[in-house]
Amino acid sequence: MSPSEVARAFGVRSPGMRKNWRVKCPSHRSHGLTLSITDMGNGKTRIVCFAGCDQSDVLKTVGLTWRDLRPLGKIAPVIRWRLTLEDQKESLERQLGLAMMLQAVERAKRTYWAGAERRIRGELEQVRCRLEPEKVMQEYRERTFRERVRKHGFTRMWEEYGET
Ligand SMILES: [Zn+2]
């Protein structure tokens, strides 16, 4: 795996062109950014937890082994799958931003871009359901709650929830 792929496996959203990333260590559930991921050049990656976690333990928590820190290591299928989904998500988010912007800019084609926005939102939702199911469920619950508040008003809601 490449260093940026390793960084992404540890939850770095946009690794960019950096050579070093700091993240929370998944092994000892740190609050600070104790885990350092470094691009050593030649495709090699070094990971160090400053709280003293064992490197193989840290790797194991995200499904990697020391082989993945070397240039020719193949990406484990589960990681590859996740990276692909994250790529899709990023690309869809960019498309969504574009569709929203173009609705404002290209007034004549507004309906077209509104349609595109709906389609992209649908696709993005599907990708997110696979990538972060708990978060999507939580958002769904919050949305339904807000809709019910709007529909029935606060007093009704209070009565409904107050009973249970
Ligand atoms: Zn640690």
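Leu-35 stands opposite Cys-49 in strand β3. Helices (H or I, at least four residues) and strands (E, at least two) are DSSP runs, numbered from the N terminus. The model is predicted, so local features need pLDDT of at least 70, side-chain atom pairs count only at pLDDT 80 or more, and totals for chains, interfaces and linings use all residues. Residues are numbered from 1 along each chain as its sequence is written.

**The β2–β3 hairpin**

- Strands β2 and β3 run antiparallel and are joined by six bridges; two strands pair if DSSP finds at least two bridges between them.
- The hairpin of β2 and β3 has two residues between its strands.
- Asn-42 lies in the loop between β2 and β3, and its phi is positive, about 55°, although Asn-42 is not a glycine.
- Asn-42 counts as exposed because it has 7 C-beta neighbours inside 10 Å. By definition, a residue is buried if 20 or more other C-beta atoms lie within 10 Å of its own, exposed if 12 or fewer, and partly exposed in between, with C-beta atoms placed from the backbone.
- In a regular strand the side chains alternate between the two faces of the sheet.
- The covered face of β3 holds Thr-45, Ile-47 and Cys-49, whereas Lys-44, Arg-46 and Val-48 form the uncovered face.

**The nonpolar core**

- The largest nonpolar core contains 16 residues, and those with the most contacts inside it are Val-6, Phe-10, Leu-35, Ile-37 and Val-58.
- At least two residues of this core come from each of α1 (3-9), β2 (35-41), β3 (44-49) and α2 (55-61), and α1 gives the most, with three residues.
- A nonpolar core is a set of buried Ala, Val, Leu, Ile, Met, Phe, Trp, Tyr and Cys residues joined through C-beta atoms within 7 Å.
- In soluble globular proteins, nonpolar side chains tend to be buried together.
- Leaving aside residues up to four places away in sequence, Val-58 touches Cys-25, Pro-26, Ser-27, Leu-35, Ile-47, Cys-49 and Cys-53. Two residues are in contact if their C-beta atoms, placed from the backbone, lie within 7 Å.

**Overall architecture**

- The protein has five helices and three strands, which follow the pattern α-β-β-β-α-α-α-α along the sequence.
- Its domain assignment gives domain 1 (3-74) and domain 2 (80-163); such bounds come from an automatic or database domain assignment.
- The centres of domain 1 and domain 2, taken over C-alpha atoms, are separated by 31 Å.
- The radius of gyration of the protein is 21 Å, whereas a compact globule of 164 residues would have one near 15 Å. This radius is taken over C-alpha atoms, and the globule rule is 2.2 Å times the number of residues to the power 0.38.
- Along its principal axes, the C-alpha trace spans about 55 × 50 × 25 Å.
- Of the 164 residues in the protein, 15% are buried.

- Gln-138 is found in helix α5 and is exposed, because 11 other C-beta atoms lie within 10 Å.
- The C-alpha atoms of Gln-138 and Val-149, 11 residues apart along the chain, are separated by 17 Å.
- The mean pLDDT of the protein is 86, and 91% of its residues reach 70 or more; pLDDT is the predictor's confidence in each residue, from 0 to 100.
- Confidence is lowest in helix α5 (residues 133-163), at a mean of 77, and highest in strand β1 (residues 20-23), at 95.
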